[in-house]
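Thanks for sending this one over. Here are my notes, point by point, to read with the structure open beside you.

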Amino acid sequence: MAVIGIDLGTTNSLAAYWKDQAVQLIENEKGEVLLPSVVGAVSGEGFLVGREAKERLLTHPEATAASFKCFMGTAREYELDGRVYTPMELSAMVLERIRKNAEYVLKEEIEEAIITVPAYFNDKQRSDTKKAAQIAGLKADRLINEPSAAALAYQMKYGAEEKTLLVFDFGGGTLDLSYVECFDNVIEILAVAGDNHLGGDDIDRAIGAYFCRENGLQEESLSLEDQAQLRKLSEQAKCALESQETVPMELQVEGRSCRAVLEEEILFEICMPIFGKIRNLFLHILEDAGSRVSQIDDLIMVGGSSRLPVVKRFLTELLGKEPVVLGDTDKVVALGAGAYAGIRQRREEIRDMLLTDVCPFTLGIGVLNRSNREKDILSPMIERNSTLPASHRSRFVTTSDFQKEIMVRIYQGEEYYVDNNVFLGQVSIEVAQKPAGQAWIEVQFTYDINGILHVAAENEMGERRQVLLANQTLSEAELRQYTKEMEKVMVPPVQQPENQELLARFLHEYENSVGGRREQIGAMVGWILSKLESGRRKEVRNGVETAKRWLEQLEIQRNMQEELLFDGELKEGSWEEEPFWGEETFWEEEPEKIVGEKNGGDEE
Ligand code: ADP
Ligand code: MG
């Protein structure tokens, strides 16, 4: 019984597994690794999946479905040979083909699959992916994000140092950027940005338009057959540029032989508008992550379109240094998924990695809209791009006099009015009967990496109601287990007992100091609190480590001072004149920040 990793892509899908201390890609009987994510129906003969189906995309567009991953989780349907299929069912056919091939190659049953999904996939898209796996006879309890898989592949190659990475995934129809931090055994996605309509297909279209310009053709007036041929020719010419400097293109149109030449320089020109969009997304994600180009250790190139030399050239200019290429860019995500399959099977050679995610959408509750009582608005509880697991607590008050209960209605989405967001569920709780605005409840949202949302409401009498919303069916035992795990997460770092104790020791030092020393300790506490409340695991960890080091020094120095005092060599209050901690010991960590806070938050 084996576990495999699957990159279920929009354009291509592939699988990998862990064997002999390394990840191995799974080939089909023809030695191909990539399976085009295309399904075609052949009247009376069943289905074609992969390369053969992709070939028929040109000749039988009405009986062929492609790029259905873009519509996963939506109501979009595809009609093939008189029957209607959902994106989930079509994905299941791709997964089934992968499972059968893997069983044939590995000569054993596939017990489980680790499937990768875009980081921005919502609950519905994730749960449909799991259902597709189920239909295909695969257990897929754990989905991992594509950028996490790429970061894992990077770590396998370069070792697990502390790194800040930007994963640049340029596929057939989409571009996904992810800002990822790796430290200890944690891979954490801090921000995602992307464009669902920007990929290799756009480059093919731009090349096709160039070909038409060169030959004085009107693309729209070409026959459908010719348009399809032109698209195919364009993609072939594009891919040939990986190994050739000049690529001749030729196509017979209405008995006329049309030609053009594609070169790197020409393609660079053609791609300018696409590069402009990439540049904007790049700036956007840096802003979201509160980061700068100089803070990125490496940019990892992923996806088939990253194979283009012009894309690498553009990124090198943008970044000011060479991006990292981990072998074939279109296999990187699968390599990461295969490595994770090894982790899943607890292969000792590979360390257990904790892949953390971001919540790709906002979760919140509906609250009264004072200007239009009919249309509730969304009050966000867990913001989009929060690191998971995440937990947030807020207080809400009643809106009518002597109201008996509050109904907490839970939504997912980015829209202002709740009606435009996705309704997830509700929980009601009694409240103290008081005039409007005087009775209150506290609501806590906790969302974990498995896509399970726990919502608890507590009234001023201390009564509590809770609801667990999951995108999968859970057994009683699992429910109990999850609730227990949620409770751990619900205590934010600042309230965890060990951190409380740490802060108490600082306050003790503060109380026992005067003047400059006291001021400095005050600034330290402010800095530590900002780290504990940052919501980022890495920041919290760094904050705690630094705090412990500082505290140790503070205590040593205080003991020394006390001894000196005792010996009568120092008068009380002399801390101020001569800060004993010395610049380098204290301020090496985050000097600007501490000075900034002391000065009331001004930037230096
Ligand atoms: P997805 O993640 O969308 O499933 P892939 O990462 O497999 O897709 O990328 C598919 C895209 O990569 C297609 O647009 C294809 O034309 C393009 N591609 C594949 N090989 C090359 C190559 N050698 N040079 C340029 N583009 C390529
Ligand atoms: Mg992909």
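1. A word on terms before the ligand: a polar contact here is a pair of N or O atoms within 3.5 Å. With that in mind, a backbone N or O atom of Gly 304 lies 2.8 Å from an oxygen atom of ligand 1, so the pair falls within the cut-off. Please remember throughout that this is a predicted model.

2. Two further pairs belong to the picture of ligand 1. Thr 11 also uses its backbone: one of its N or O atoms there sits 2.7 Å from an oxygen atom of the ligand. Glu 235 uses its side chain instead, with an N or O atom 2.6 Å from an oxygen atom of ligand 1. The protein covers 90% of the 580 Å² of accessible area that ligand 1 has on its own.

3. Who else is around the ligand? The shell holds 16 residues, and the closest are Thr 11, Glu 235, Lys 238, Glu 242 and Gly 304. By type, the shell residues divide into ten polar, four charged and two nonpolar. Helix α6 (residues 224-240) gives the most to this shell, with three residues.

4. Stepping back to the whole chain, I would keep a few totals at hand. The secondary structure comes to 16 helices and 27 strands. Of the 604 residues, 49% are buried. The accessible surface is about 29300 Å², and carbon and sulfur atoms account for 47% of that. Taking contacts between residues at least 6 apart in sequence, 64% join residues at least 24 apart.

5. Ser 13 is worth a look. This residue lies in strand β2 (residues 12-19) and is buried, with a relative accessible area of 0%. Which groups does the side chain of Ser 13 reach? One is the backbone nitrogen of Gly 9, at 3.2 Å; another is the side chain of Ser 37, in a polar contact of 2.9 Å. Leaving out residues up to four places away in sequence, Ser 13 touches Asp 7, Leu 8, Val 33, Leu 34, Leu 35, Ser 37, Val 94 and Ile 98.

6. Next, strand β5 (residues 38-42). Five of its five residues are buried, so β5 is largely enclosed by the rest of the structure.

7. What pairs with β5? Strand β7 (residues 64-66) runs antiparallel to β5 and is joined to it by three bridges, with Val 38 opposite Ala 66. Strand β6 (residues 46-49) is also antiparallel to β5, through four bridges, and here Gly 40 stands opposite Leu 48. β5 and β6 form a hairpin with three residues between them, and Gly 44 in the turn has a positive phi of about 75°.

8. Strand β12 (residues 163-170) is another covered element: eight of its eight residues are buried. Lys 163, Leu 165, Val 167 and Asp 169 point one way from β12, while Thr 164, Leu 166, Phe 168 and Phe 170 point the other way.

9. Eight bridges join β12 to strand β13 (residues 175-183) in the antiparallel sense, with Asp 169 opposite Asp 176. A hairpin connects β12 to β13 through four residues. With strand β17 (residues 298-302), β12 pairs in the parallel sense over five bridges; there, the bridge partner of Leu 166 is Leu 299.

10. Finally, two backbone angles to check. Most residues other than glycine have a negative phi. Lys 107 has a positive phi, near 55°; Lys 107 is in the loop between α2 (87-106) and β10 (110-117) and is exposed, with a relative accessible area of 71%. Phe 402 also has a positive phi, near 50°. Phe 402 lies in the loop between β22 (390-397) and β23 (405-412) and is partly exposed, at a relative accessible area of 49%.

Notes: Residues numbered from 1 in each chain as written. Chains lettered and ligands numbered in written order. Predicted model: local features only at pLDDT ≥ 70, side-chain atom pairs only at ≥ 80, totals over all residues. Heavy atoms only, no water. Helix = DSSP H or I, 4+ residues; strand = E, 2+ residues; numbered from the N terminus. Buried < 20%, exposed > 50% of the residue type's maximum accessible area, 1.4 Å probe, protein only. Contact = heavy atoms within 4.5 Å. Areas by Shrake-Rupley, 256 points an atom, 1.4 Å probe, with all protein chains shown as cover. Near = heavy atom within 4 Å. Polar contact = N/O pair within 3.5 Å; in protein donor to acceptor, adjacent residues only side chain to side chain. Nonpolar A, V, L, I, M, F, W, Y, C, P; charged D, E, K, R; others polar. Pairing = 2+ DSSP bridges.
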